[in-house]
Amino acid sequence: MNIVVLLKAVPVVGTERLGGDQLTDRATQLEANGNDEYTLEKALKLTEAHGGDVTILTMGPASATDALRKGLAMGAARAVHVVDDALRGSDMRATLEVLVAALGRLEYDLIFAGADTSDGQGGVLGAAVAARLGLPYLSYAQEIEPLPDGVRIHRISTAGYDVLEAPMPALVMGTQLLGEPRYPSLRGIMQARSKPIETWSLADISVDAASVGMDAATSRVLDSQKPPERGGATVIREPAEVAVAQIVDFLSQRRLV
Amino acid sequence: MAAFWAIGEIADGAPTRLTLELATLARQLAEAAGGEARTVLIGTGAAAAAGEAARYGPNVLAVEATGDAAPVAQVVAPRLASLVERDSPEYLLIGASADGKDICGLLLGLTDMPMLANGAGVEWADGPQVEMSTFGGKLVTKSAFTGSRGMILVRPGSVTAEEAAQPGGVETAAVDGVTELAAVRVVDRIEEAGAAAPIEEARIIVGGGRGVGNAEGFALVQELADALGGAVGATRAVVDAGWIGYGQQIGQTGKIVKPSLYVACGISGAIQHKVGVQTAGTIVAINKDPDAPIAEFADLMVVGDLFEILPRLTEAIRVKKSGGG
């Protein structure tokens with residue numbers, strides 16, 4: 001069972017900033033998006049138990065290499081990095097085209113995608129890739145298990161979970177409930193050094209450079225500003241009885257109770 | 001004339017609160033743009049739910065589609081794609097719920113519509129301008145489409161649902177020529193005991209963090225939420241500890257919520273949690289550490305022992321609600 005894990009390298013949480021052109025500054029240190037690492041961990045566990053290999057696929061700037069190297073150290077067999085200067089500023093449509101084109105050059109039984117990215121995208125690309133490739137789409141997985149001829153997941157619901165099944169190949173979008181990502185072992189780090197990170201340009205995957213990047217983007221950021229300051233909190237330090245009366249007064253004044 | 005479609009969701013036979021918010025937003029945008037608004041409900045019970053939706057939006061299109069054995073988005077997305085192809089609406093407003101994001105993502109693959117995610121507010125100025133809170137709330141950005149069409153994912157609580165002056169009409173229709181998606185079957189629906197009220201739609205959320213200590217401590221959080229008529233939320237540490245389900249997790253890898261009131265109990269206010277709740281109307285924090293980061297974005301900071309405060313506060317709220325205060 002071969003699994004391709006879609007992984008996005010995002011700015012380290014807390015260090016994100018916009019560049020002068022209103023695009024996310026990706027010259028800062030990048031790390032694997034948190035939700036993507038949960039699906040990578042699950043992919044590794046599944047291939048360790050049932051055979052097959054994990055390939056990481058990312059589209060991003062040269063600085064995404066660290067995140068890929070870590071994924072290889074965790075146990076992925078192969079990393080594919082679509083990197084091209086023309087991609088800078090690409091919107092979700094362009095990203096979709098690139099991922100679809102790259103996936104067309106890979107073999108897989110399952111594609112994994114993470115829910116939401118920490119740098120502000122919508123958690124929609126997995127679904128879009130599935131629709132475009134005509135694959136079954138199974139989302140919000142808290143458990144993934146292979147069947148003799150397909151895949152079964154537990155999809156988080158408001159009441160508990162739904163059990164979903166589909167034939168393979170399929171695309172599964174996963175959540176943190178799939179389990180904590182492992183730390184790369186020293187052995188894994190050593191082995192990763194000899195694993196290739198393949199870099200693919202737009203020409204390699206036959207995507208027209210004019211259809212991606214900032215000029216082709218279907219949306220643009222008009223302006224950005226700091227949000228109004230919160231805080232300046234009223235502080236209560238009183239014995240519990242007094243504090244509670246003050247809390248109730250505060251809530252009453254704001255018509256919240 | 002621009003057409004704005006609010007894409008609704010049905011739960012327990014009624015439109016969700018988010019649906020009513022989207023219907024209100026579509027109506028407001030259509031008024032500002034001199035366009036027309038429509039609310040689209042697709043699924044089992046669409047016709048029955050349409051009446052309530054029509055109180056908020058001027059024009060409801062209800063499409064009955066039975067798909068109990070399929071995930072919601074798998075039923076809605078291809079039908080919506082057919083309707084979009086037939087009527088070419090300029091703008092779709094889709095709720096940023098789990099099903100809404102799935103629907104939007106599938107549509108992104110099925111149609112050529114551009115999209116903007118994470119909308120926290122939409123205004124009309126020669127086109128929709130979408131406000132988003134990004135980078136853990138460090139920035140508020142405003143974005144627009146370069147063309148004159150697109151889909152916008154709108155977060156819960158971005159607009160207040162308001163009934164229209166006059167209720168709108170309801171049209172029921174079938175969608176022909178649907179190209180179904182690759183099939184996923186729902187083979188079972190498991191209800192887990194003690195499933196908590198969903199936080200996306202809650203006006204009041206009481207959140208618990210590591211400071212509640214253990215599952216018994218978290219029960220105090222639940223009791224206060226019950227007294228306030230709200231839902232419980234939690235930080236990731238609490239979810240990881242198994243005191244409450246992942247569906248209640250607020251923050252970076254959980255949900256982003258915008259309740260009128262958020263009561264944070266034993267929550268330090270780390271960035272990963274802050275991003276999920278910082279746009280709440282009022283934030284009350286109860287924490288023994290006066291220097292916890294949450295003091296920087298709370299409106300009321302109560303320094304003290306939550307094991308002493310929470311039971312008394314719960315009781316005081318109950319007394320007040322029963323008319324005794």
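Start in chain B: Val284(B) has Leu300(B), in β17(B), as its bridge partner. This is a predicted model, where local features need pLDDT of at least 70 and side-chain atom pairs count only at pLDDT 80 or more, while totals for chains, interfaces and linings use all residues. Residues are numbered from 1 along each chain as its sequence is written, and chains are lettered from A and ligands numbered from 1 in the order in which they are written.

- Strands β16 (residues 282-287) and β17 (residues 300-303) of chain B run parallel, joined by 4 bridges; two strands pair if DSSP finds at least two bridges between them.
- Both belong to an open, parallel sheet of 6 strands, in the order β13(A)-β17(B)-β16(B)-β15(B)-β13(B)-β14(B).
- At the edges sit β13 of chain A and β14 (231-234) of chain B, each pairing on one side only.
- α6(A) lies across β13 of chain A plus β16 and β17 of chain B, at about 170° to β17(B) (axes are lines fitted to C-alpha atoms, for helices over the stretch in contact, with angles from 0 to 180 degrees between N-to-C directions).
- Helices (H or I, at least four residues) and strands (E, at least two) are DSSP runs, numbered from the N terminus.

**Another cross-chain pair**
- β9(A) and β12 (residues 185-191) of chain B pair antiparallel over 6 bridges.
- Tyr161(A) stands opposite Ile190(B) in β12(B).

**The contact overall**
- Chain A puts in 74 residues and chain B 76, with contact meaning C-beta atoms, placed from the backbone, within 7 Å.
- On chain A's side, α4(A) gives the most, with 8 residues.

Notes: Two residues are in contact if their C-beta atoms, placed from the backbone, lie within 7 Å.
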